[in-house]
Every structure is written in C-alpha cells, then in structure tokens.
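Trainee: I would like to go through this model term by term. Please set each label against its rule.

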Amino acid sequence: MSEQLRSKAQNLIVTGHEQLALGKAELALQIWEQATEAYTQLGDKEGIAGSQINQSIALQALGQYRRACHILLTAVKLDYQDNLACKQPNETDIKSQQQREFLQQALGKLDTSKVVTIGLQNLGDVLRIIGNIDNSEEVLKKSLEMARTLNLFPEVSVGLLSYGNTKRGFYNRMRNSYERTELSSDRIDAIEKAEQSLRLYQEASDGATANQLQSKLNRLSLLIEIADWLEAELKSRDIPEIKRKLAQFQSQIQPQVNEIFNSSTLFSNLPPIQSIYAKLNLAISLGKLNLKPNEQLVVAIQYAKDALQQAKDLKNQRAEAYAYGVLGKLYKDEQINQLSLAESSTEKAVYLSQSIQANDIAYKWQYQLGNIYEKTGRMPDAIAAYNIAVNTLEPVRQDLLSINPDVQFSFRENVKPVYDDLIRLLLQSELNQDRLKRVTEVIGQLQFAELQNFLQCSSLGLISLSKVNTLPDAVFYIIALEDQKKVEVIVSLGQPNNLPQYHYYSVDWQEFQSTVKTLRSTLQNKNFIPNNNASTDILSSSQKLYQLLIAPAKSYLPKTGTLVFVLDSELQSIPMALLQDEDNQYLVEKYSITVSLGARSLEPKFLPWQQSRVLIAGVSKGPSFKQEEPYFEELINIKPELDEIRKNTVKSEILYNEDFTKARFQNKVTTSTFPVLHIATHGIFSSNPEQTVILAHDTRINIRQLDRLLRGRTESSRDIIELLVLSACQTATGDKRAGLGIAGVAVQAGARSTLASLWNVSDKSTSLLMGEFYRGLKAGLTKAEALRKAQISFLKNPENKEGYKKYAHPYYWAPFILVGSWL
C-alpha cells in the first residue's frame, strides 16, 4: 500500500511540472497539494518539503508571493521570528540590520541537504520580489554555500542566477537613491552593484544548460539598461569616469547578443511557458539596440512572432496578450514605423488582457495604444487611451510587478510616464475649463500615487480637494514633467467672482531647475545660518521662484486669503512662504499657506481650542541621539518650548526626556484622547521611508513604526489627531524628494493638519514662534492663519516685542510649513 502511495505521489510531482510548463499554474498547485497529502500519509519529510517547494513555485507563477514565502519557511523549517522574512518593511518595527542578524542565526541552524538548498534558493527569489532584498541576499548566500558543499552543480548555477537578480535589485535601489540625491557616491555604488550582478550572470551562464539562456538574457538586458542610464547621465554632466564606464558596458553588448544568437537552440530546451517569455525578453532587448537597427529589429519581431504562436498553441491568453503587446512596441519603433501593424497588435493586446482582467499588463498596452494614436495624429483617441490607462492603473498599482518577476517594479519608470503623458497631451489640446479640471485631477492622482508608493500603503482615507466643503481662496497645482522638460501650473480659484475658475501657464524648465536646486541646496546645508551669503542666495532664488510660479497668477488672485499648494515632490522641501515679489514682500505677508498631500486631505475642520487636550513630548538629549549615524546634538531650548506651549493650552500633559520613551508615548496616545500632539525632538524627513525618523529618548522611530504606533489610537477612537506639530525636524541633505517624508509622516499619523519644520533652528526662537502659533489658535484663528501671524511676528514684529527683531531673517520663521487642513 505504501509503495502504491509513494508511486502516486511521485507521479503527481511529475504531472504538476508538466502542467506548470504549459502555463497552468493553478492546476499544478492543486496537484502538488495532493502530493503533499500523500507524502504526509507516508511520513516522508523530504517528500513533504519537496512538494511544498513545488507549491511555492506554482504560487509564484500565480503572483501569490506572500503565500509562497510562508510555505517555503515551513518547507525548509526556518524558525525566523514569527515569519518575519515574509513581512514587508512597513509591517515590522525591527530594523533591517537587526532582521539580517536574526536571519543569519536562523540560517545557521538549518540542516545541509539538497531539498533545503532548493527551498532556500526559491525563498531568496520570493524575498527579492516582495522587496526584502537584504534578506534575499542572506538566504541566497546560504543556498549557494550548501550547493557547493554538496557538489550540486545545477543548483549552484540556479543560485548564481538568482543571486545576480538580487544584486540587480541592489543596483536599482542605489540608482533610485542617486536620482533622489545626485550624490556621486550613490552613482558609484549603483555601478558597482550592476558589475557584481553582471559577473554573477556570467558565472551562471557558464554552468548548467537549463540556466545558460536566462543568465545570458538577464546579462544583456542589464548591460543595455545601465548603458542607457550612463549615456543619459553623460549628456547632463561630462565626467570622464562615466564616459569610461559607458564605453566598457557598451563594448560588451554586441558580443552578448552574438553569444545568445549562437545559443538559440537553448530556447527549445526550456519548458514552453518559459520559452515564450525568454523570446519576448530577447525581443524587447533587441528593440532597444541601435546597432544595425533594422537587422536587429527584424530578428526581434521574428522572436516575438514565434513567442506569440507558442502562446496561441498553449491557449495561454496572458502570454498571448503580452506577445501582441511586445509586437506592437517593436512595430512602433521609428526604424520600422509600421504603425498600422503596431496599432492592430496593441489593440489585440489590450482586448486580451482586459478579457482576462490582467490589469497589471493591460494598462501598459492601453498606454502604448495612446502613444500610437498620438503618433498618427489622433489626439482625442490618444487622450481617451491615456485616460483608460490611468483608470486601469489606479486600483492595481500597489500590486504591480513586471511580467518577468526578476525585474523589479519601478514607480518612476512604469507608472509616472502614464500620468505625465496624459497631462502633457491634455494641455497641448484645445483647453477649456473641463479639460483644465481634468488636468488638476490627474496631477492629484499622480502625486497621491507617488505618496502611496513611498508609504507602500494603498488605503490612506483622504478625499479630493475638489470635494471638500470649505474651499481655500486658491489652489496651485504645480508639476514638473521631466521627460518633456516642462513645468506646468494650474491655479484653481475657490471663489472665481465672474472669472474662470481654472487658469494655466507654463514655466521655463531650465530656470526652474537651476533656481530650485540653488535654493534647496542653501536651505538643506547643515551649516545654513543667517549670514550674508545665505541671505543673498535665498533672496535671489526666492524672487526668481516667485516670478516663475506666482507672478503670472497675480492679476486674478485675491489680495489676501488662503493659498493651498499641490507641489511636485521636488518642491515639497521648499517653503512657499519664502517666495518674494518684486516689491520685496514675502508671500506669507499676504496669504496663509498650506501644502496638500496630492490634492487630497481629510475634510478640513476648524479646531475649537478651548476643547483641546494637548500631549506635549520633547527630548533635549538621550541615548537615541548617538545610537547610530547620523548623530544629533543636544537641543538646549526644548524645555522652554514645552513650557511656552503648556502656558497656552487648556489641558495638557508633558513627556520630557526620560519620560518620552517609545513605549510611554504609545501608551499615552492609545489610552487617552489628545486632539493635538506636539513633538519637539530631532527628526529627519527623507524620500527613504526607513530614514524618515523622529527621536524618542530611548530609540529612533521611523515612519513605518510611527504608523503602527499611532494606528491603535486611530482605530480605537473616533477622535482623529486634529493637529500634529514636529518642531525640530529637518529634511535630508541633498534629497530632492525629501518632502515625501513630511507628507508621509502626516498621513501615517492620521493627522488632519501637520505643522513641521524643514530645517532645525537650534535657537530659542522656535519656542517663541511656537508660543505665538498657539496663542493664535487660542484666539480663534485657523491653523494656517495662526502660523502666518506667528511668522509675521518675527518678520515684521508688529507688536514691537522685545528680542523679536533679531529673528526677522527667514532662517528663523520660514522652515515651518502646514500640511493638510488649513482651517
């Protein structure tokens, strides 16, 4: 009986692989679940583990990576901190370095065997895909170590390929960091990671036959990708090292293509579904080459056609849709320029992907169809296609991964262009009020999508500015379209008074970029102090920025009132209050100012100060200041600030120094109702969520931990945080998109309004300004107007208060910005 059951289990394993090779992953999963049951009845631990690993492979094919991760931990018996490995960074308080240490300890306890080796290799792949590339590296290193110890040469080759993919993930991470910071060290690190990946691909391609082709294809696509990046870099900065590296990578591309052509018989050795995607990946790579373009593209089209036929033979509609889409992309190329074929192929890709509800690829082909319509001059059709692509993208972007799971999803490459092109085309067409309104909606959708991507969170509970009950006097929508080298501004008037509600103008790209870069560099400089040089730079840049962004709207803006800014992420770390007109009058002298989170907000609501309880928390010095880099200096004026705030509140509690621990703070906010939280401690806003932190006395709290820390409060109480104040924070030096950190903290706190500082003013002026702000709230002013009055008290000192005159420089009053509700 046991032999029959064993034979059945073995046959089920074989049958499952056959079904998976045909693209029938769901059926393969069911079959391997039956195999697991059979091995369980036999008490065969190795058989159970092997069939569970197979289940994980099917789950990966179905895109269910989290389930695959959990089942792999069970298969290899990895006891790792309550399945910590399978959690995304925003789901745990444990820092990445500590996670790696826990993982190393757990990996050290595993038995060395073939089944564990294979299980770890699959686990490494899954961890990379769900975004845990640090853990992926640890797991793959252990898998390779086991494979070499056991002389499992095919597994060594598979492990090298997987490790190359993970190193490519590190390259993507460092390149993204470089695009945010433009630090040469980040660019050097990105190139180094790419070179490590290329070496691993080369080593893998010298190994087992089954992995040779995939390793060569991955190596080719990475060579093309990094060469394209460095070529673009060289156009903006003539650096000899970039030129040398570019030549080095370019020289390897054609030999790699030739090597693949000479190995073309390897396609037939692959399972059918893998063969399809391998051919399509090669076709995409060939389509990007400029070497003998016509010849390469003809070959690329043939590979895509072969893949299409295979997909049809398998009756795999997803693969068929993807093949049609790739064909459309190749026909669209300027060297081929067969737009009728491009259109018909792409339309088939759209139809098929929509019919099977594969929205993660459907939006790509809808967007591509818009590109084709635009090239053929059919602008209304192009706008319609771009609109459909944006609408398709909205509900699925949080789960998007490339069709090839080895290529990590990139927001700026895969999502942003869809929105950008719709905005561009809407503004190039005949403008009317409805069309301008639609542009403001798309700008809001894009900036909100970027915030969601930053937070890795899809449900933020905010509503569109157009749907709030109390409108501000004007909303400025500002977006930089990098590919088109354009900056677009739309102003929406809250009370048009016989004027059109929407007004539109463009801004000179070069002047905008240089002005923003100069101003941001001055404000983010850690040595920024109110000296003459800084004053000159700030004055010049703030006046230029006013002329670019505000002056064109001056004729239809009200003389005073409230302005809300929906800012491109690069502008979010620059205070709009600082902008100065031709009469040397700052914007804040006329208007109260608020920044919106992607044109969304909690419903604006006035804060009745007499009914408000305030939790005041502050740290002047503590262990967290020196726990790790960056180190922080003592804040000698925190205690006076807390005392000043307490004097202006009706009911308040203070957590100061040793009392402001992470645990005590969490206990306070989850067991008591505090509509206002004032936190006076060091903090950094960064476009990297793990580096966006505030410092309690005992530890640093990053943005994801803050979300979990405050979540208990917002879920257990109907009373949301009406006002969150972060008075001693600063934006990360050199980070163009550090403003995402401010927006992220505001959202994760669930605060209706957030008052934050863009740089740390290490002076008693902060306690004075905060006192003025709270006195304004106490007097019944809106939050935005209370902030404006507090800033004017320094800038103009209308009440001639002693000591205020020396704080007239923007260094002291300009860093404070209000995010969210202005009421």
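**Labels and their cut-offs**

Mentor: Start with the surface. The accessible surface of the chain is about 33,400 Å², and carbon and sulfur atoms hold 46% of that area. The areas are Shrake-Rupley values with a 1.4 Å probe, and for residues only the protein chains shown count as cover. This is a predicted model, where local features need pLDDT of at least 70, side-chain atom pairs need 80 or more, and totals for chains, interfaces and linings use all residues. Numbering runs from 1 along each chain as its sequence is written, and side-chain values use heavy atoms, without hydrogens and water.

Trainee: What makes up the secondary structure of the chain?

Mentor: There are 29 helices and 17 strands. Both are DSSP runs, numbered from the N terminus: helices are H or I with at least four residues, strands are E with at least two.

Trainee: Why is K142 called buried?

Mentor: Buried means under 20% relative accessible area, exposed over 50%, and partly exposed in between (1.4 Å probe, protein chains only). K142 has 17%, so it counts as buried. E145 has 45%, so it is partly exposed.

Trainee: How do you know that K142 forms a salt bridge with E145?

Mentor: The rule asks for a side-chain nitrogen of Lys or Arg within 4 Å of a carboxyl oxygen of Asp or Glu. The closest N and O atoms of K142 and E145 are 3.3 Å apart. The pair passes. Both sit in helix α7 (residues 133-149), three residues apart, so about one helical turn separates them.

Trainee: What makes R318 and D360 a salt bridge?

Mentor: Their N to O distance is 2.7 Å. This pair links distant parts of the chain, 42 residues apart: R318 is in helix α14 (residues 317-332), D360 in helix α16 (residues 359-375). R318 has 26% relative accessibility, so it is partly exposed.

Trainee: Why does E633 count as exposed?

Mentor: Its relative accessibility is 56%, so it counts as exposed. K626, at 48%, counts as partly exposed. These two side chains also meet in a salt bridge, at 3.9 Å from N to O.

Trainee: How many salt bridges does the count come to?

Mentor: By this rule, 40.
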